[in-house]
Amino acid sequence: MASERQIAANRRNARKSTGPRSGTGKKRASRNAYRHGLTLNITSTAAFAKQLDKLVREIAGDSRDAIVLERARTIAQAELDLARVRRAKVALIERASAFGEIDPPQAFSTVTEIKRFLNAFGRGRPIVPKPVDASTTMPSQGPDRSAEAVRRVLPQLRKLDRYERRAAVRRHQAVLNFFGRIKASYNR
Amino acid sequence: MPRRNELALLPKLPLLITESADEFDALRNAFDQEIKPRGIIEQMYVHDISSIAWEILRLRRCKVVIINSAFRSALEHLLVQLLKGPGQYDYEVKDKAQALAQAWFTDEEAKKQVSEILSRFGLDESAIEAEAIRRSSADLELLDRMLSSLESRRDKALGSVAQYRASLAHQLRESADHIIDGKGILRLEDAASERSTAA
């Protein structure tokens, strides 16, 4: 555990750090937490914004209450978020089905292969590894191919599943809040 | 039945090329018949439930394919173990095991031969399936986790419909009480008197 002196020194040093200074540095740092873009606000594209507005109007009905409209917007946004994650899942499976994998294969997959390459290179007879076409390792039949593609992207699908679950919880909470507001405005 | 414009507003569930849109529609209709959603919010929940159910079916299909596709290598591995005599190495029986495992899927004679080898050790074809499951256990475990997560989300979505309906019923009851008690009328009268005072 750090002593009090160390903690004080750490704090002093931290105060000296003011983060990135250049424009490029700031831009890069702003994307530090960026992973896949699924948490991006969906209103960032015009088509989504239009779809969102239509859905908000359908949920809120004739209400002009600003809070009701805001809560309807949260429901609609979560609903479109859910749709986006589902699209991402299918796109991932289709990609794996077409190419056999998501990431391109590495030239060397084991340390032994690297050693073998370096030894051969040292002897003046480099062995250039042949690229592996992962799509040839996929079953040719449609449903089997899709199932194999699902198997190959299972870890990624599980991650996306977490986002889907969060969006569903957010939508349900928003529905309850929306109803709470409708009730309150009716009782006023 | 849901209104056409409500359904059009909800984003369509994307399907894989190998999946049938008609089958999904049939599943969705079955949930519609059962839950009878009213209004866009209930439609959302039903859409959610059918999407989750569809994904559960997709993963279950995948589970079967994973086990089936591990059958050949499982049989080969099992045969190497069973054909190997004392003091023999794997590579000495590997070719025979490979050929037999390959032929097992199409050749009745090879099937009979494999059954004989298995029965010599008190085993039957379920040993092949067990080995196939063992070999794909990592994938199956991940699939099972995803399936239980989806099943729990489906149940929650069904619960959400019930919760939503209960809160809607509660609100309707309260509104009815308001009308019966005359509170709504009073409010209108108050507003009218406020307007006349202001004038």
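Predicted model: local features only at pLDDT ≥ 70, side-chain atom pairs only at ≥ 80, totals over all residues.

**Helix packing, up close**

Mentor: Start inside chain B, where the axes of helix 4 (residues 71-83) of chain B and helix 7 (residues 126-135) of chain B come within 8 Å and cross at roughly 110°. That angle falls between 65 and 115 degrees, so helix 4 of chain B and helix 7 of chain B count as roughly perpendicular. The crossing of helix 4 of chain B past helix 7 of chain B is right-handed. On the helix 4 side of chain B you'll find B:Phe71, B:Ser73, B:Ala74, B:Leu75, B:His77 and B:Leu78, and they meet B:Ala127, B:Ile128, B:Glu131, B:Ala132 and B:Arg135 from helix 7 of chain B. Sort this contact by class and you get 7 nonpolar, 2 polar and 2 charged residues.

Now for a pair that spans the two chains. Helix 6 of chain A packs on helix 3 (residues 39-69) of chain B at about 95°, with the axes 9 Å apart, and these two helices are therefore roughly perpendicular as well. Helix 6 of chain A brings residues including A:Pro143, A:Ala147 and A:Arg151, while helix 3 of chain B answers with B:Arg58, B:Cys62 and B:Ile66, among others.

Zoom out to the whole contact between the chains: 32 residues come from chain A and 31 residues from chain B. On the chain A side, helix 7 of chain A gives the largest share, 12 residues. By class, that side of chain A has 16 nonpolar, 3 polar and 13 charged residues.

Key: Residues numbered from 1 in each chain as written. Chains lettered and ligands numbered in written order. Axes fitted to C-alpha atoms, helices over the stretch in contact; angles between N-to-C directions. Helix = DSSP H or I, 4+ residues; strand = E, 2+ residues; numbered from the N terminus. Parallel < 35°, antiparallel > 145°, perpendicular 65-115°, else oblique. Left-handed = near helix turned anticlockwise from the far one by under 90°. Contact = placed C-beta atoms within 7 Å. Nonpolar A, V, L, I, M, F, W, Y, C, P; charged D, E, K, R; others polar.
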